[in-house]
Amino acid sequence: MSDDLVAKSEKRDYAGLFRFDLYWGAPDQRPLVLELDNGATLTATNVSSYKGLRVWEVPALPGSAIEARLDQLIAKTTTNRLVIFHEADKQAWRWPSRSSKGAGVASRTARHVHRTGSNDPRFAEKLEAIRLPDDVLLDVNAVLAKVRAAFDVESQHETKQASRLMARMYAAIEKAYPDGYNSKKRDHEISVSLARALFLLFGDDTEMWASDLFQDFVKDHTARAGSDIGDRFNELFEVLDTPPNSRAGLPAELRSFPYVNGGIFSEKIQLPALNQDFRDAILDACAVDWSTISPAIFGSMFQSVRDAQTRRDLGEHYTSEENIKKTLEPLFLDELRAELGAALGRDTTRKKLNALRALWDNLGAIRFMDPACGCGNFIITAYKQLRLLELDVMLALQELEGSTQLSFDPTLDLKVTLDHFYGIEIDEWPARIAETAMFLVDRQCDLQLRERFGEAPERLPIQRETRIVVGSALRIPWEEVCPPSANVIVAGNPPFLGHATRSESQAEELRDAWGRDDISRLDYVTGWHARALRYFATTDGLWAFVTTSSVTQGDPVPHLFEPIFAGGWQIKFAHRTFAWESEATNAAAVHCVIVGFARSPAKPLLYDYDTPKAKPTVIPAKRINGYLADGPIVYAIKRSQPISPVLAPVTFGAMARDGGHLIVEPEEVDEVRADPIARKYLRRFLQARELLHGGDRWCLWMVDIDPADIAKSPVLRQRLDAVRELRSQSRAASTAAMAATPHLFGQRPAVHDVPFVGIPRHVSEDRHYFLVARFGPEVICGDANFMVSDPDGLAFAILTSSMFLAWQKTVGGRLESRLRFSNTIVWNNFPFPMPDPHVRDAIIASGQAIESARAEVGTGPLADLYLPGDLDPRLKAAHDALDSAVDAAFGRSGGPGMSELQREDILFECYAEMTSDLLSERIQRRRR
């Protein structure tokens, strides 16, 4: 059915299409006439209407500038409008798409171009989407929603399709190279060639030259089978780098292309013999409207065409434009927009003009550098947003001057220019894409300028370019790329490589960046923080990086943030842990944070997420510390003993180092029980799996064994012989020494004759409480858990409290996103105050009530009792009572109504008080 709609649209009977096929109404407006500068006129005819939503037809394709002028004329009578421009074999449908911008709504033009006879399923889908029911009268808002659903997503669809097409082109060229060809040279040539193809595709759709010049060249001047397309591209690339006065004798199809200059076509490259696969991919790409492609497409294209293993080795993770703005807006864009609002709010025209001109100068003074730029997504977005701000300033100046003529030339006086933007990228292919992409997004911004003012700068031949340096950002001196100053902004998305996955050469780079051998568990990304500190050592500036969330958790925090804060920097804003979103195919699934720095931020902001995929809540902060909490600058360093006198030491559970011979699995227990000697030493064995998810497991625990029993028991003798053999062959000297005592676990807790709390090493981040359980001394705790002696139940109650969970989440490390318990960092730093006796008794009693509630609720696995969102009311009430008792120990009465952020405030205050003396001692030791 939708194919019929496309066919009728191609006949250009739009009045009949909308009224009789799409069931819209009759026109209700007279034609509008636009007078052009050359004296000619252009007429727009209203062909259909629906309760104020109107469709206009214009029998011409005059170009985006005149299209924009006519659309603005129509806008005076019709807010919601479809404007259809058309010629014999091509039509462009314009729709004013709306999107959020700051506190208001911005309008931009979505434009779908359809060529007669082309396979264009998206156009068919749009027509079908705006068809109205013939038996129901829809509300105008419902019709608006249908049109928006059809047209507002245009650029998103184009972006995804373009990414796939770029991958096809990459594969087609790669396949054409002969076996044995130097792979590095091949990848370089493909990188440059596809960057050039990207430029030419944009050129067709952004009026750099005569309409569809590149498409017509491929369609009409290359063999249909693609046998000569490689040679023809080689010719074209050379022509684009040839000045007009040196083009004598060229055929017309090449002579029509402009002289580009710049770096895009300067290198001489000979593509191999290509085929129809590449030609078809190019022609399919020509059918896409590249003028509306999102800047995020460039990173997405890159990730789609690169080998997955290569991406892992380099640690590349490309982000959506939305996530880029999470970095750039609080770092500097929001303040610039506020400055624009303040300028327009001045009480006199003179003051407004002066403030606007000062802001314009400020925009021109900004220099932006991404030292891990990839395909340039951060640079592209920063440039685009600054150009939009500059356009707003120019429009405001025009309006205030009370004339349609500006006192400046918009084609000459732009202050935000490409040569103010810099990048460093280790890999050439994305660097080439970034250089090209910046020129192309510059062209998009120029078209917006022309829509408003009717003029835009002439960019060919290229005069100004973004500087992208190829090399390691941890080796290249940043100041040689972009001289540091207070006007420099550094931001980006460095490689996501944990300490366990970085290569030795990357670890060496990290040591060099920090200037020290001890880099602890710092992730590779922190090398960029070290280089930023060196770069801005003697000047102000702004900088922010998207990073792995692990840099704000556990042991890395003091190693990273202590030198940053000591260097005079403060956190300007921080996005706490959220889920990374990428527009690329098979995008990396990671949790990350964003932290921005300034010397003296006026109003620090915390962006908090209830869940990693939730929308953030913006929280004004007094001071943000390295754990991304509003609190004092403190560090939970590794400690050998708890700082709280109330807390008993936590140790690892028992580690067998036995090859499994001291462990008795369920299918083996009957055999052991049948041996009367071995049965005496059979004990329940508890690893994290059994603690959380239930199940039976046993071990042979023989710390008090009678040596004669070994000789009497075939089971013991066989198992201990196997343990002795395994340990004696170990390369580890400590394990080999244990062969002398094969009946003992390799590592054993110091105390195992009192009740204890089993603490799993890892617990899901979705739990509302840290899942622990209390056991009698007859149970042996395995090394997949920690354990703490708990004769009276106080430790169990503390570990089960919301206050402890808040501390664990804030200072503890993570395994992926799961909470990772640590005795040295989490438990030993937990600032639990000395409670009054009656408060202590209340806490213990509340813990006992939780154990009773667990028994009452059911006998299933512990994890099943605490499923997120499904906690039994009796258990919830017991936990609420415990929280009230523990909060009282901290001198608070928050109980279940206290938020996690409020608990963090309390905990860091208490920690600062408890460790003030310890910190002074630490500083004094360092000074010695």
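Which residues are buried in H9? Ile-229, Gly-230, Arg-232, Phe-233, Asn-234, Leu-236, Phe-237, Val-239 and Leu-240 are. Keep in mind that this is a predicted model.

## The whole chain

Let's start with the overall picture. The protein chain has 34 helices and 26 strands. It runs to 928 residues, and buried residues make up 56% of them. Take the contacts between residues at least 6 apart in sequence: 71% of these join residues at least 24 apart.

H8 is worth a look in its own right. The axes of H8 and H9 cross at roughly 145° and come within 11 Å, and the crossing is right-handed. On the H8 side, Phe-214, Phe-217, Val-218 and His-221 meet Ile-229, Arg-232, Phe-233 and Leu-236 of H9. Sorted by class, that contact has 6 nonpolar, 1 polar and 1 charged residues. The four H9 residues in this contact, Ile-229, Arg-232, Phe-233 and Leu-236, also turn up among the buried residues of H9. As for the spacing, an α-helix has 3.6 residues a turn, so residues three or four places apart point the same way.

## The H15 and H16 pair

Next up is another pair of helices. H15 (residues 349-365) packs with H16 (residues 377-400) at an angle of about 155°, their axes 10 Å apart. Angles over 145 degrees count as roughly antiparallel, which is why H15 is described that way relative to H16. Their crossing is left-handed.

H15 brings Thr-349, Lys-352, Leu-353, Leu-356, Arg-357, Leu-359, Trp-360 and Leu-363 to the contact, while H16 brings Leu-386, Leu-389, Glu-390, Val-393, Met-394, Ala-396, Leu-397 and Leu-400. By class, the residues of this contact split into 12 nonpolar, 1 polar and 3 charged.

## Phe-775 in its strand

Now for a single side chain. Phe-775 sits in strand E22 (residues 773-775). Its relative accessible area is 13%, so Phe-775 is buried.

Which residues does Phe-775 touch, not counting those up to four places away in sequence? They are Arg-684, Leu-686, Leu-691, Pro-755, Phe-756 and Gly-758. Leu-686 is 89 residues from Phe-775 in sequence, and the two are 9.8 Å apart in space, C-alpha to C-alpha.

## Two positive phi angles

Finally, a bit of backbone. Most residues other than glycine have a negative phi. Tyr-23 isn't a glycine, yet it has a positive phi of about 65°. You'll find Tyr-23 in the loop between helix H2 (14-21) and strand E1 (32-35). Its relative accessibility is 32%, so Tyr-23 counts as partly exposed.

Leu-628 isn't a glycine either, and its phi is positive at about 60°. Leu-628 also lies in a loop, this one between strand E15 (617-620) and strand E16 (650-652). Is Leu-628 buried or exposed? At 1% relative accessibility, Leu-628 counts as buried.

Notes:
Residues are numbered from 1 along each chain as its sequence is written. This is a predicted model: local features need pLDDT of at least 70, side-chain atom pairs count only at pLDDT 80 or more; totals for chains, interfaces and linings use all residues. Side-chain values use heavy atoms; hydrogens and water are left out. Axes are lines fitted to C-alpha atoms, for helices over the stretch in contact, and angles run from 0 to 180 degrees between N-to-C directions. Angles under 35 degrees count as roughly parallel, over 145 as roughly antiparallel, 65 to 115 as roughly perpendicular and the rest as oblique. A crossing is left-handed if the near helix is turned anticlockwise from the far one by less than a right angle, and right-handed if clockwise. Contact means heavy atoms within 4.5 Å. Ala, Val, Leu, Ile, Met, Phe, Trp, Tyr, Cys and Pro count as nonpolar, Asp, Glu, Lys and Arg as charged, and the others, Gly among them, as polar. Buried means under 20% relative accessible area, exposed over 50%, partly exposed in between (1.4 Å probe, protein chains only).
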